[in-house]
Amino acid sequence: MNEFLDRIQAGEILIADGAMGTMLFQRGLKPGDCPEALNLSNPEILQEIAGLYLEAGAEIVQTNTFGGSPIKLAGYGLEHRTEDINKNAVFSVRKAVDGKAYISGSCGPCGQILKPYGDIESDQVFYSFKTQINALIEAGVDIICVETMTDLNEATLAIRAAKEILPSLPVMATMTFDPTPAGFYTIMGVDIKQAAEGLEEAGADLIGSNCGNGIENMIKIAREFKNVSNLPITIQSNAGLPKLDGLVPIYTETPEFVADKSRELFELGISVVGGCCGTTPDHIRAIRQTLISMKGIHR
Amino acid sequence: MDILMQISESLQKGDYGNVRELTMEALGKKLSPKAILDNGLIAGMDIVGEKFKNHQIFLPHVLLAAKAMYAGMDILKPLMIEEGIKTIGKVVIGSIKGDLHDIGKNLVGIMLKGAGFEVIDLGNDVPPEKFVETAKAENADAVGMSALLTTTMSGMKDVIDLLKRENLYGKIKVIIGGAPVTNEFAKEIGADAYAYDGINAVETVKGFIKIKQHE
């Protein structure tokens, strides 16, 4: 069995990294540019970001491959570079973490709605994920992270693609939920119980939620996951929803606030805690401090 | 059951095959295309929109209903053009320059068409000039813009500024949306409205048309 999974199964809690997009925009990524194109043109930026998260205490560091599936890359005319884009992302992270953190290969949604609701065939989406994940695995990722999913069918296609290529490689799978008067649902109408069952059945090793509407909602989501599943849970919350300061959007949840709230996630027994949009190395450092201050409670 | 009611119910179930057949059947019974559209298709879509708003159904259900709407519309549209029947309004939509996210914008387009609007979709990465030129040339009632990235939101203000310069501000209404967009932001940049989802966008644009008719 994989060492990462051994540690999780033994009850260890691991800290994951924070936002990628937020960091890229601070480093000159222009609106409309393909974030994954930087993997070819400026891999040193990705190495720097991975280094900052490692230094902040992240034990799981993600690749800049959220939109690295050929279907998504085709929007920029870059589908023929899928292999290089994904491999370079892994190499950049590896240069920074050098065995001191797990490299997690990010796989986001394909950006289109699957049949019968939309126009794209499941087969095409499966093949697209398989192409991306194959490159990530060949380059040596330790984990595949299927994230920000709202369509359960699409999420399971990505999980199955990863498991078909290398069954022993751990897969984390997370979906994004919104609060409604009837509880938490993805925009495609998937509730937490359906998500937990579907993701587990497809073969995910860790399941949970990322992105979303701030850490307070995420704590409620985490609790529901714990209630309906025995799998280890992973939670990566946005630093709130962006608010406007004039015309400049800012994420409102400070590292202190997020760190304080993350105490509840640790108390729930969440296995992997990290951040999503708006979180920075400072958020991750603060979350880690909370965990260190609580050590002894869980182990 | 009344055939228009049957069309409405089949549409609500997303049964596009049935909607197509029933629409033909209704035409065979000499019902007017306009009556079939208003009291069959749009009536059904209104109920779907209402249920979605109340969280009784979710997006996939709405998408199937919209497909059924198109199945009926494809038959009615040529007949309506022949008879010179106008759609209830014309809306130009697109994603802001530099933003390649388009699911939200596509949904708004589907819902607007589903509600009987004529929709001109400019796609992604649309420069401000293109929005204004098209709206002007097409004599559109409204422009709908979507941004999914916080960094592309300022492009929306460019479109509004251009409309002002062309003396079209207020005549062509502006509606904006997208994950980072808020009501506050809409006010700040002078947009006529913010819509939080596709159904809300339809209601808002319908509101614009009503105001226009009263003017």
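Biologist: How many bridges join strand β1 of chain B to β3(B)?

Modeller: In this predicted model, 5 bridges join strand β1 (residues 90–95) of chain B to β3(B), and the two run parallel. One residue facing Gly144(B) of β3(B) is Ile93(B), which stands opposite Gly144(B).

Biologist: Which way do the residues of β3(B) point?

Modeller: The general idea is that side chains in a regular strand alternate between the two faces of the sheet. In β3(B), Ala142(B), Gly144(B) and Ser146(B) point one way, while Val143(B) and Met145(B) point the other way.

Biologist: Are the residues of strand β3 of chain B buried or exposed?

Modeller: A residue is called buried if 20 or more other C-beta atoms lie within 10 Å of its own. For strand β3 (residues 142–146) of chain B, 5 of the 5 residues are buried, so the strand is largely enclosed by the rest of the structure.

Biologist: Turning to chain A, how many helices and strands does chain A have?

Modeller: Chain A has 12 helices and 12 strands. Its radius of gyration is 18 Å, close to the 19 Å that the globule rule gives for 299 residues, so chain A is as compact as a globular protein of that length. Buried residues account for 53% of the 299 residues in chain A.

Note on methods. Residues are numbered from 1 along each chain as its sequence is written. Chains are lettered from A and ligands numbered from 1 in the order in which they are written. This is a predicted model: local features need pLDDT of at least 70, side-chain atom pairs count only at pLDDT 80 or more; totals for chains, interfaces and linings use all residues. Helices (H or I, at least four residues) and strands (E, at least two) are DSSP runs, numbered from the N terminus. The radius of gyration is taken over C-alpha atoms; the globule rule is 2.2 Å times the number of residues to the power 0.38. A residue is buried if 20 or more other C-beta atoms lie within 10 Å of its own, exposed if 12 or fewer, and partly exposed in between; C-beta atoms are placed from the backbone. Two strands pair if DSSP finds at least two bridges between them.
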